[in-house]
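Hi everyone, thanks for making time. Let me put a structure up on the screen and walk you through it.

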Amino acid sequence: MSETDKRLNIKMINENEKKTMSGSSRNQTRTYLMERFETLGIHPRGKLGQNFLIDLNLLRLLHESANIEENDVILEVGTGTGSLTGSMSEKAASVITVEIDPIMYEMAKQELADRNNIRFVFADILRNKNRLNEDVLQIIEEEIKAAPDRRFKLCANLPYSVATPLLSNLLLSNRPPFSMTVTIQKELADRIVAKPSTKDYGALSVWMQAICDANIIRIMPPSVFWPRPKVDSAIIQLLYNPKKRKRIPDLKFLHEFVRSIFFHRRKFLRSVLCSTFKNKLPKEVIDEVLIELSLNETSRAESLSVKQILTLCEAFRNRLPENERSLLS
């Protein structure tokens, strides 16, 4: 028996504890968390991004901002104690909650054992930095297909380390969420909503804004979390925009193109493009595209609007042979 299993067996929630914890899945206060962690003999694990949102008003704001309805399938990444999980399950058709910490996973399962519309998944949401966990995607697909007219949404207090790859890769998936309402680092939120010619504007800004309508709902200081992170956080909402998506013929190509042209953000655009399409397109073609789009040799990617970058991307995609449109190097 593993140390984790021993700890869970020794510290199993008995009937008296259940009485004292009535409603605890909805009341994730600092006092409650400290008592529960002390009971289990554990501490928050910083490397897993365990910063629990203890301001109940902000936890409610996160939940309510997602506008959860009875036909929604909700993905939560980072179950924690199950506080947000439980409140979302009261309205949603299904909540799929993914937790990588075995103790948190078991704790939440025990406290929410009576909720038959919650699927607890003990896993890492990421297969690797550039891929989501296929098993989790399969579970999402099963829940969506379980009934007609179901919508897929993401709502979570995200561990900081998974935020960028999770949000980016969900938009690349075959089943992008209708909305993503999450807590993330303020710095990351600023990058997502950034405008051209600002310090935060980059590949992530273009990628998200090309497909979604992004809005920062609330900035949050470290004091609303336990343990306190070292940075400010934000609740942000990304609404998938089908009209924007239709403007993009090749989503994967755009993703690679945007990452490529911002890899050396301070370099002149022509230089970056020559490097991106080295051995694929002659420099004369690159110059031709720039002239066609009224971009000069001193233009930089960071000064272009999302619309200009989409136009630039498509101009180059159309000039490449089909077998050269996969991975850019």
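So, the protein has 15 helices and eleven strands; here helices (H or I, at least four residues) and strands (E, at least two) are DSSP runs, numbered from the N terminus. Please keep in mind that this is a predicted model, where local features need pLDDT of at least 70, side-chain atom pairs count only at pLDDT 80 or more, and totals for chains, interfaces and linings use all residues. Residues are numbered from 1 along each chain as its sequence is written, and side-chain values use heavy atoms, with hydrogens and water left out.

Now to the sheet. Seven strands form an open sheet in the order β4-β3-β2-β7-β8-β11-β9, and the pairing is mixed. Two strands pair if DSSP finds at least two bridges between them. At the edges sit β4 (118–122) and β9 (212–220), each pairing on one side only.

Strand β3 (residues 94–99) runs parallel to β4, and five bridges join them. Val98, for example, has Val121 in β4 as its bridge partner.

And what lies across β7 (151–157), β8 (179–185), β9 and β11 (233–240)? That is helix α4, residues 56–65.

Finally, the whole protein. Of its 329 residues, 51% count as buried, meaning under 20% relative accessible area with a 1.4 Å probe, protein chains only. The C-alpha atoms fill a box of roughly 75 × 40 × 40 Å, taken along the principal axes.

Conventions:
Contact means heavy atoms within 4.5 Å. Axes are lines fitted to C-alpha atoms, for helices over the stretch in contact, and angles run from 0 to 180 degrees between N-to-C directions. Buried means under 20% relative accessible area, exposed over 50%, partly exposed in between (1.4 Å probe, protein chains only).
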